[in-house]
Amino acid sequence: MTRYVCVHGHFYQPPRENPWLEIVEPQPSAAPYPDWNARITAECYRPNTAARIVDGEGRIIRIVDNFERMSWNVGPTLLTWLEREAPDVHEALVAADVASRARFGGHGSAMAQAYNHLILPLASERDRVTQVRWGIADFRHRFGRAPEGMWLPECAVDTPSLETLAAEGIAFTVLAPSQARRVRSPDGVWHDGVPDTGRPYRCALPSGRTIDLFFYDGTTSQAIAFEKLTASGDALAGRLCAGADDRLMHVATDGETYGHHHRYGDMGLAWTLWAIEHGLGGAAGKRARLTNYAEYRTIAPATWDVEIVERSAWSCAHGVGRWCEDCGCNMGGNHGWNQKWRRPLRIALDLLAARAAEALEVGARGLLIDPWAARDAYIEVILDRSPATIDAFLARHQARPLTELEVSQVLALMELGRNAQLMFTSCGWFFDDLAGIETVQCLRYAARVCELAERVLGPGVEAAFVDELALARSNRPEAGDGRAIWTREVVPTRVDLAHVAAHQLVHAMIDEGKAGSSPSHGRCYEVTRQDSIQRRTGKARMFAERVRVRSRLTGEAAELCVAILHLGEHHLTGGVKEIEPAAWRALCGELSDAFLDGDLFAVQRQLDGAFAGFTFSLGTLLPADRRAAIARILAEPLAAAEAELARVYDRHAPLMRYLVKEGLPVPEVLRTAAELTLRRRLLYNLESEGPSYYPLRAHIAEAEQVSVELDTPEIAYAAGRALALVVDRAVEHPDDDRLLGQVASMAMVALRMKSPVDFWHAQNAAYRLAETHAPAWRAAAAAGNEGAGRKLVELERLARAVGLAL
């Protein structure tokens with residue numbers, strides 16, 4: 001008799017990309033990380049791909065992939081971000097699904113999810129179908145198989161949603177126990193109340209189709225999510241293994257519970273799953289076995305029937321009110337606040353969606369066979385925007401051969417349809433205030449919808465939407481109503497072809513041809529530079545170029561003229577607009593003559609006159625580009641200042657060593673020069689492509705002689721990165737015992753730092769090294785091989801430093 005256990009994690013973040021750039025812009029609230037995706041990846045997603053199991057002394061004895069042993073879904077928009085920004089995590093997820101198939105009878109643990117997490121019972125029929133089809137297509141694209149199950153956003157369910165899932169081939173989904181209205185036993189008797197969560201149920205649908213439903217254990221799931229049950233892996237394993245045999249014990253929570261909401265939750269989960277799998281700790285003697293939903297359906301097919309509570313969800317006690325009204329559900333902690341803003345927001349977006357649908361149908365006349373079928377299929381282009389994919393998409397859906405301009409119109413219509421989905425992402429209503437970053441993000445998608453819809457329907461779409469939005473008010477008096485939030489938080493984030501041209505040329509001017517990061521628009525736009533004029537005198541520079549800017553998403557393009565005057569540091573001004581070729585040549589001549597005559601005021605006047613109403617400055621750059629530009633501007637003065645301080649230190653270092661040796665105070669100005677110089681030199685070594693132990697040792701020795709503290713957070717961060725590089729090198733060259741010795745010495749130095757060093761990557765690499773080579777080295781050392789013995793000694797030193805138990 002066996003007790004079956006399944007732990008499900010719903011891993012999800014809302015789409016956060018700027019709709020015009022397809023990048024996540026800086027989010028200061030996520031500091032020290034650039035944005036919340038990056039922060040939660042570091043705290044949860046990546047740790048769960050290599051979770052630590054430790055012994056009683058806190059040393060790592062196993063590194064395991066939790067995803068291989070649990071059931072899970074990751075939202076498609078999050079997977080898109082991971083593939084681009086954290087490919088190691090994306091690759092680990094795909095590999096974990098493959099490994100889970102071997103573990104669970106050919107059934108992968110990954111489940112699909114409705115595409116961008118909108119609430120399906122509140123969606124139109126067309127949107128509901130698109131969400132499910134896009135979720136399935138994204139899943140097939142990444143995991144190379146058809147999904148058996150699909151996670152419903154917020155577990156929000158109604159019969160039409162289940163019909164859509166079943167029609168698209170989805171075999172099961174997972175709900176909260178409160179979402180079961182009544183169940184029927186095989187003898188035909190209906191039973192009201194909370195269902196027995198230890199079995200799957202068959203839900204018969206009006207169409208004649210059926211779909212299986214699992215209702216998770218609500219009490220234990222609640223304890224995991226909110227009562228820190230993951231703090232003890234033994235306690236959690238014991239809880240999951242308690243109860244009758246030949247039953248399914250399963251829980252479902254947000255995946256972020258394991259590491260983000262609860263620190264070290266990934267480690268608690270790792271021990272829980274390992275203990276159950278091997279009959280250890282709280283699972284000892286319990287005859288428990290891990291499974292996933294897809295496998296368990298084959299072990300114990302559904303024999304009971306169920307009827308659902310219509311329009312219900314796992315995170316709202318009032319049906320689906322949390323996403324359309326002031327139902328009373330909120331995050332708590334904001335006394336006196338209300339969520340009356342939810343209804344006018346929902347009404348405004350529903351009205352905008354109707355205009356978007358109208359624009360799609362009107363704009364597609366004569367161009368597409370069926371615009372809604374085309375929108376369903378557009379996921380192919382979203383996943384691969386190559387010309388070949390676009391051509392294949394058009395070949396299937398165009399009503400006739402299209403011109404280049406008509407192709408651009410069709411792609412713009414498809415982007416209209418995509419953003420009209422994204423603006424309904426559930427997080428826009430989930431949290432407590434209209435001015436929250438999640439709601440503002442939905443409004444930015446709405447702004448893109450307004451822009452694209454007005455190309456078809458003419459002006460007025462945005463004005464009507466904002467009038468409705470103005471009826472919603474923030475709880476924060478300083479934030480104001482929806483109109484104020486739109487004006488302050490949404491409008492400035494818009495990007496057009498002129499913005500892109502300006503950003504490109506400013507970036508090129510400041511970068512001066514040096515290798516550096518590409519402008520943030522590079523993913524969505526192509527910029528071809530033509531007819532370039534560059535002039536320089538002293539610190540002042542002038543650029544004038546004609547550029548062609550083309551959107552990679554819609555194909556729209558324009559030829560624009562850009563001129564910039566840079567007087568050094570942050571003093572930059574310019575203009576961008578369309579100008580006839582003859583007029584542009586004349587303007588370039590006038591600007592060049594005035595600049596070479598040294599009359600910079602004349603250049604400025606000509607720029608202001610020629611580009612009246614189309615000027616820009618450094619402050620108008622996109623946030624990510626602005627930071628890069630400021631860094632470039634600061635590089636030269638900082639380098640000069642650092643060089644001068646280094647000369648001061650080098651000239652007076654012997655005197656400082658003498659003062660320290662004699663116990664005399666070092667003057668503050670000399671100490672400052674020494675600290676900055678030695679820290680920069682150490683960072684230069686640590687941040688190089690080939691960090692080495694011997695220069696590191698020399699820097700530390702020199703710093704001790706002049707009493708300079710090198711233990712800073714910046715150096716600790718660099719030390720973690722450097723250690724990861726050298727351990728990887730040791731893994732690539734396992735027979736180099738000298739290299740392994742250097743790595744162990746560097747790790748010992750890092751271990752002694754007071755500032756926390758990130759050993760995560762080094763631990764993973766050292767673990768692989770030990771798993772792969774230590775047994776052979778032990779055998780060779782026992783046979784008298786001195787080299788193998790030295791490698792074992794150095795591996796032991798490395799293991800002690802990074803907290804690994806061999």
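A crossing of two helices is left-handed if the near helix is turned anticlockwise from the far one by less than a right angle. The close-ups below come from a predicted model.

**View 1. Helices α25 and α26 pack against each other at about 155°.**
Helix α25 covers residues 713-732, and helix α26 covers residues 737-751. Their axes lie 9 Å apart. The angle makes α25 roughly antiparallel to α26, because angles over 145 degrees count as roughly antiparallel. The crossing of α25 past α26 is left-handed. From α25, the contact uses Ala 722, Leu 723, Val 726, Val 727, Arg 729 and Ala 730. From α26 come Leu 739, Leu 740, Val 743, Met 746 and Ala 747. By class, the residues of this contact are ten nonpolar, no polar and one charged.

**View 2. An open sheet is built from five strands, β15 to β19.**
The strand order is β15-β16-β17-β18-β19, with antiparallel pairing. Strands β15 (525-537) and β19 (615-617) form the edges, each pairing on one side only. From one strand to the next, the twist averages 20°.

**View 3. Strands β17 and β18 are joined by six bridges.**
Strand β17 spans residues 557-566 and β18 spans residues 572-577. The two run antiparallel. Val 562 has Val 576 of β18 as its bridge partner.

**View 4. Helix α19 packs on the five-stranded sheet.**
Helix α19 (residues 497-511) touches β15, β16 (540-551), β17, β18 and β19. Its direction makes about 40° with that of β17.

**View 5. Helix α21 lies across β16, β17 and β18.**
Helix α21 is formed by residues 600-610. Relative to β17, α21 runs at about 155°.

**View 6. Strands β10 and β11 form a hairpin.**
Five residues sit between the two strands. In the turn, Gly 208 has a positive phi of about 100°. Strand β10 (residues 201-204) and strand β11 (residues 210-215) pair in the antiparallel sense. Four bridges link β10 and β11. Arg 202 stands opposite Asp 212 of β11.

**View 7. Strand β10 has a covered face and an uncovered one.**
In a regular strand, side chains alternate between the two faces of the sheet. Tyr 201 and Cys 203 make up the covered face of β10. Arg 202 and Ala 204 make up the uncovered face.

**View 8. Strand β10 also pairs with strand β14, in the parallel sense.**
Two bridges link β10 to β14 (residues 304-308). Tyr 201 stands opposite Trp 304 of β14.

How values were computed. Residues numbered from 1 in each chain as written. Predicted model: local features only at pLDDT ≥ 70, side-chain atom pairs only at ≥ 80, totals over all residues. Heavy atoms only, no water. Axes fitted to C-alpha atoms, helices over the stretch in contact; angles between N-to-C directions. Parallel < 35°, antiparallel > 145°, perpendicular 65-115°, else oblique. Contact = heavy atoms within 4.5 Å. Nonpolar A, V, L, I, M, F, W, Y, C, P; charged D, E, K, R; others polar. Pairing = 2+ DSSP bridges. Buried < 20%, exposed > 50% of the residue type's maximum accessible area, 1.4 Å probe, protein only.
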